[in-house]
Amino acid sequence: MQRIMLRSKIHRVTVTQADLHYEGSCGIDQNLLDAADIKEFEKIELYNINNGERFSTYAIKGKRGSGEISLNGAAARRAHLGDLLIICTYAPMSDAEVETYVPKIVFVDEKNQITGLKKSPA
């Protein structure tokens, strides 16, 4: 049996850009992608802390060190500039993998710069 488990989380990022007419996706500062081990074009789940909205899209690389969190296409309708988001990825794991796996959790400041990393349950 496989369980769908939290693989990584970027906690409380601030939306910096929104472009309704872009083809879609979420641009994320490359430093944040690396820290959370999220690959470009990987499916991500987003949770808007401000309004409770939950939605999914895929990640694209933003400029390294920019603090960019840009919602594009339909995702731009799900949050306003300045809203706080939690960005997560999940993966199927066997019960044996679940016993030892620890998700990667990235914490940021108000400018989406990394303040801490945690490799333990959320």
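Me: Start with Leu-46. Which residue does it stand opposite in β7?
Reply: Leu-46 stands opposite Ile-87 in β7. This is a predicted model, where local features need pLDDT of at least 70 and side-chain atom pairs pLDDT 80 or more, while totals for chains, interfaces and linings use all residues. Numbering runs from 1 along each chain as its sequence is written, and side-chain values use heavy atoms, without hydrogens or water.

Me: How many bridges join β4 to β7?
Reply: 4 bridges, with β4 and β7 (residues 84-94) antiparallel. Strands pair here if DSSP finds at least two bridges between them. Strands are DSSP E runs of at least two residues and helices are H or I runs of at least four, numbered from the N terminus.

Me: And what about β4 and β5?
Reply: Strand β4 (residues 43-48) runs antiparallel to β5 (residues 54-62), with 5 bridges. Glu-45 is opposite Ser-56 in β5. The two strands form a hairpin with 5 residues between them, and Gly-52 in the turn has a positive phi of about 80°.

Me: Change of topic. Which residues have the most contacts inside the largest nonpolar core?
Reply: Ile-10, Ile-28 and Leu-71, in a core of 21 residues. Such a core is a set of buried Ala, Val, Leu, Ile, Met, Phe, Trp, Tyr and Cys residues joined through side-chain atoms within 4.5 Å. Buried means under 20% relative accessible area, exposed over 50%, partly exposed in between (1.4 Å probe, protein chains only).

Me: Which element gives the largest share of this core?
Reply: α1, with 3 residues.

Me: What does Ile-28 touch?
Reply: Leaving out residues up to four places away in sequence, the contacts (heavy atoms within 4.5 Å) include Ile-10, Leu-33, Ile-44, Ile-69 and Ile-87.

Me: Now aromatics. How many pairs?
Reply: A search of the whole structure finds 1. The ring centres of Phe-41 and Tyr-58 are 6.2 Å apart and the planes are at 35°, so the pair is tilted. Rings of Phe, Tyr and Trp (its six-membered ring) pair with centres within 6.5 Å; planes under 30 degrees apart are stacked, over 60 edge-to-face, the rest tilted.

Me: Where do the two sit?
Reply: Phe-41 is in the loop between α1 and β4 and Tyr-58 in strand β5, so the pair ties together parts 17 residues apart in sequence. Phe-41 is exposed at 57% relative accessibility, and Tyr-58 is partly exposed at 27%.
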